[in-house]
Amino acid sequence: MRHVISALVMNEPGVLAGVANMFSARGFNIDSLVVGRTEDPGLSRMTIVVNADDNTLDQVRKQLAKLVPVVKVHDFKGEAYIERDLALITVSMTPETRSEVIETTNLFRGRVVDVSRESIIVELAGTEEKIEAFIDLMRDHGIKELARTGVIAMARGAQPERDPTTITASAGGKRKRSIDAPAAASLPPS
């Protein structure tokens, strides 16, 4: 089953590597991993998409919460949320197929961001399914190059926080991380 997890992390060097290593060491496969700044310069948001059963996902959430730079872990399972993926796609075209490619792009609410004699670059944002459907249609024309950002997600509106899927990280019960807590000193690699 596909799960989208959001992790609010301290904006410190090595956090991404620590999260990726945690997944790798435990044999969890990451389908998509996106990291970006938030409204607070001291925090970043990781959006992680994994295909796993509920037991495996519970392990993922708990293991993420144990990492010291992780402030909060949230699973969007069972709640309304918005997810988006962004793609830039270079599609081959001829003068005869130009209007068809542009019309299909408009139907998918994409934007043409560059045009040359032999190709067109399309920018498309939406769900993974929407982007995959567009890519399938463009394969007939020939895709020269494709770049995708991965999934980002946010909960819709004001929804009550659910204890089983939202975990505030703590380091063995000794120290609780919060947005206002100072960052811990980095340890040298072992």
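## Ground rules

Residues are numbered from 1 along each chain as its sequence is written, and side-chain values use heavy atoms, with hydrogens and water left out. Because the model is predicted, local features need pLDDT of at least 70 and side-chain atom pairs count only at pLDDT 80 or more, while totals for chains, interfaces and linings use all residues.

## Two cores

Start with the largest nonpolar core. A nonpolar core is a set of buried Ala, Val, Leu, Ile, Met, Phe, Trp, Tyr and Cys residues joined through side-chain atoms within 4.5 Å. Buried means under 20% relative accessible area; exposed means over 50%; partly exposed lies in between (1.4 Å probe, protein chains only). This core has 17 residues, and Ile5, Phe23, Met46, Ile48 and Leu64 touch the most other members. Strand 1 (2-10), helix 1 (15-25), strand 3 (43-51), helix 2 (54-66) and strand 4 (70-75) each give at least two residues to this core. Helices (H or I, at least four residues) and strands (E, at least two) are DSSP runs, numbered from the N terminus.

Take Ile5. Beyond its neighbours within four places in sequence, its contacts include Met46, Ile48, Leu57, Leu64 and Val73. Contact means heavy atoms within 4.5 Å. A second, separate core has 13 residues, among them Met93, Phe108, Ile120 and Ile135.

Which residues of helix 3 (residues 98-107) are buried? They are Val101, Thr104 and Thr105. These three cover an arc of only 105° around the axis, so they sit on the same side of helix 3. The arc is that of the directions from the helix axis to the C-beta atoms. On the other side, Ser99, Glu103, Asn106 and Leu107 are exposed.

The cover over the buried residues of helix 3 includes strand 5 (81-92), strand 6 (111-115), strand 7 (119-126) and helix 4 (128-138). Just after helix 3, Arg109 takes a positive phi of about 60°.

## Two residues up close

His141 lies in the loop between helix 4 and strand 8 (143-148). Why does His141 count as buried? Its relative accessibility is 19%. Leaving aside neighbours within four places in sequence, His141 is in contact with Val91, Ser92, Thr97, Glu100 and Val101.

Ile121 is in strand 7. Its relative accessible area is 24%, so Ile121 is partly exposed. Not counting residues up to four places away in sequence, Ile121 touches Ile89, Thr90, Arg111, Val112, Val113 and Asp114. Ile121 and Lys144 are 23 residues apart in sequence, and their C-alpha atoms are 9.6 Å apart in space.
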